[in-house]
Amino acid sequence: MQPTHMAREIAELPDIARAFIRQSRDPIRDAATALRLTEPALLVTVARGSSDHAASFLKYLVELQLGIPVASVGPSIASIYVRQLRLQGAACIGISQSGQSPDILAMIRSAAAGGARTLALTNDVASPLAGAVDHVIPLAAGPERSVAATKTFVASLLAALWLVAEWRPDPALQAALTDLPEALAAAARLDWQVIEDRLADAQSLFVLGRGAASAIAAEAALKGKETCRLHAEAYSAAEVLHGPSAIARDRFPVLVFAVDDESLPQLRATVERLAGQGADVFVTGIAVPGATTLPVVPDLHPLVAPLVHLAIWYATVERLSRQRGLNPDQPAFLQKVTQTV
């Protein structure tokens, strides 16, 4: 059997990281220098789908590392409602794999008209979005044939990480990013067969994280929906306790992206609680009574670890899709480029 486009592109992730580091370091440095000079009091992001999950990841990075508040702006503010936001002294980052969606483009142009410095993270440097901003950060992922984005999403996270590491220079994070290709290669050798088997005939799944890992949880849930027809919902490990946890019993499956940072004690407590309710909880890298530990690449920077964990899930969900009798390259009712207004 020939490998799917999705499987081939997941296998390319270490090389994609190397290409990004080689080709995009200078544009990122230029953008970071401009942001330091601007000293924005606010950062706004514009994105949809997987790219919006990358924007959520960027939000946590900027707020944790730089102390600048970040807000997601609905593209329809400009494209449908034609309202002008006052963004003097702000920066606006648009994230789009194709750079072609009319609503993203409209919001970026509106942000510039409202006084914001604009940037784009896109895989197509010749796209309309790239032509509308002050600074372009190429994702350098090459053509992506899989409908379910994997390598462009990983490149978006790498771009977000590197931008923050350059904006306020962080040698430890920069070193971790330089080592990322090797970490992704190590991730490809890990096996999450235990959760794949559990989800083979499942109907629902919770995916949990905290901080930057909550954005990874959202992306992981989306991939479950679009490739496996799995009703997967993402929550923060705190938010799930405000109601949704009531249904996490009777072997209800839960995937938890754990990261060794300040959030870990609370996340561990949530895992213990859900396992105690009878849920089937699978957690990355840590041992919790009643839960199943999923193997991970050890000793990663806490901001890089979620990206590497996601790479393991990508490979798992691609196999899961085929195990459920589906073709991950042909998700129902979806196409590669989604243009919305």
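Predicted model: local features only at pLDDT ≥ 70, side-chain atom pairs only at ≥ 80, totals over all residues.
Biologist: How many strands form the open sheet, and in what order?

Modeller: Five strands make up the sheet, ordered β2-β1-β3-β4-β5, and their pairing is parallel.

Biologist: Which strands stand at the edges?

Modeller: Those are β2 (70-72) and β5 (135-138). Each has a single partner strand, so one side of each lacks a neighbour in the sheet. From one strand to the next, the twist averages 20 degrees.

Biologist: Over how many bridges do β3 and β4 pair?

Modeller: Strand β3 (residues 90-96) and strand β4 (residues 117-122) are joined in the parallel sense over six bridges.

Biologist: Which strands does helix α3 touch?

Modeller: Helix α3 (residues 50-65) packs on the sheet against β1 (42-46), β2 and β3, and its direction makes about 145 degrees with that of β3. Helix α5 (residues 102-113) lies across β1, β3 and β4, at about 165 degrees to β3.

Biologist: What describes two packed helices?

Modeller: The angle between their axes and the distance between those axes. Here, take helix α9 (residues 180-187) and helix α13 (residues 305-323): their axes come within 9 Å and cross at roughly 35 degrees. The crossing of α9 and α13 is right-handed.

Biologist: Which residues of α9 and α13 meet?

Modeller: From α9 come L180, A183, L184 and A187; from α13, L307, V308, A311 and I312. By class, this contact has eight nonpolar residues, with no polar and no charged ones.

Conventions:
Residues numbered from 1 in each chain as written. Heavy atoms only, no water. Axes fitted to C-alpha atoms, helices over the stretch in contact; angles between N-to-C directions. Helix = DSSP H or I, 4+ residues; strand = E, 2+ residues; numbered from the N terminus. Left-handed = near helix turned anticlockwise from the far one by under 90°. Contact = heavy atoms within 4.5 Å. Nonpolar A, V, L, I, M, F, W, Y, C, P; charged D, E, K, R; others polar. Pairing = 2+ DSSP bridges.
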